Amino acid sequence: MLKTMWQDVKGENYGYGFSVAQGPGGKSVGHNGGFRGINAQLDIYVDSGYIVAVLANRDNGASPLADRIGSALSGVKASR
């Protein structure tokens, strides 16, 4: 089931509620969202085993920080 959820089935970098991306740190899947005054980002780095969850009490506050953490993790040895 997870493989299907995280599989980019239509070539749109999206798989059943999760964005799907391939970057320097390997494959990542995630989901983000928010409302006025709040923002959240969840990224699962499938190849390295890291998970990043950021919650913010401001508009678009979580996503930029989660992206910076993901960039930093691409240079860290995998936890597996």
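Modeller: First, the classes: Ala, Val, Leu, Ile, Met, Phe, Trp, Tyr, Cys and Pro count as nonpolar, Asp, Glu, Lys and Arg as charged, and the others, Gly among them, as polar. On that scheme the lining of the largest pocket holds 4 nonpolar, 11 polar and 2 charged residues. The model is predicted: local features need pLDDT of at least 70, side-chain atom pairs count only at pLDDT 80 or more, and totals for chains, interfaces and linings use all residues. Residues are numbered from 1 along each chain as its sequence is written, and side-chain values use heavy atoms, with hydrogens and water left out.

The largest pocket contains about 260 Å³ of space. Its 17 lining residues include Ala-21, Ser-28, Tyr-45, Asp-67 and Gly-70, the closest to its centre. Two or more lining residues come from each of β2 (18–23), β3 (26–35), β4 (38–45) and α2 (62–73). A pocket here is an open set of points on a 1 Å grid over the protein atoms alone, where a 1.4 Å probe fits, with protein on both sides within 12 Å along at least five of seven lines; lining residues have an atom within 4 Å of a point. Volume is the space filled by probe spheres set on the points, which are joined across faces, edges and corners. Helices (H or I, at least four residues) and strands (E, at least two) are DSSP runs, numbered from the N terminus.

Now take Ser-28, in strand β3. Ser-28 counts as buried because its relative accessibility is 15%, and buried means under 20% relative accessible area (1.4 Å probe, protein chains only). Leaving aside residues up to four places away in sequence, Ser-28 touches Ser-19, Val-20, Ala-21, Ile-44 and Tyr-45. Contact means heavy atoms within 4.5 Å.

Technical notes
Buried < 20%, exposed > 50% of the residue type's maximum accessible area, 1.4 Å probe, protein only.
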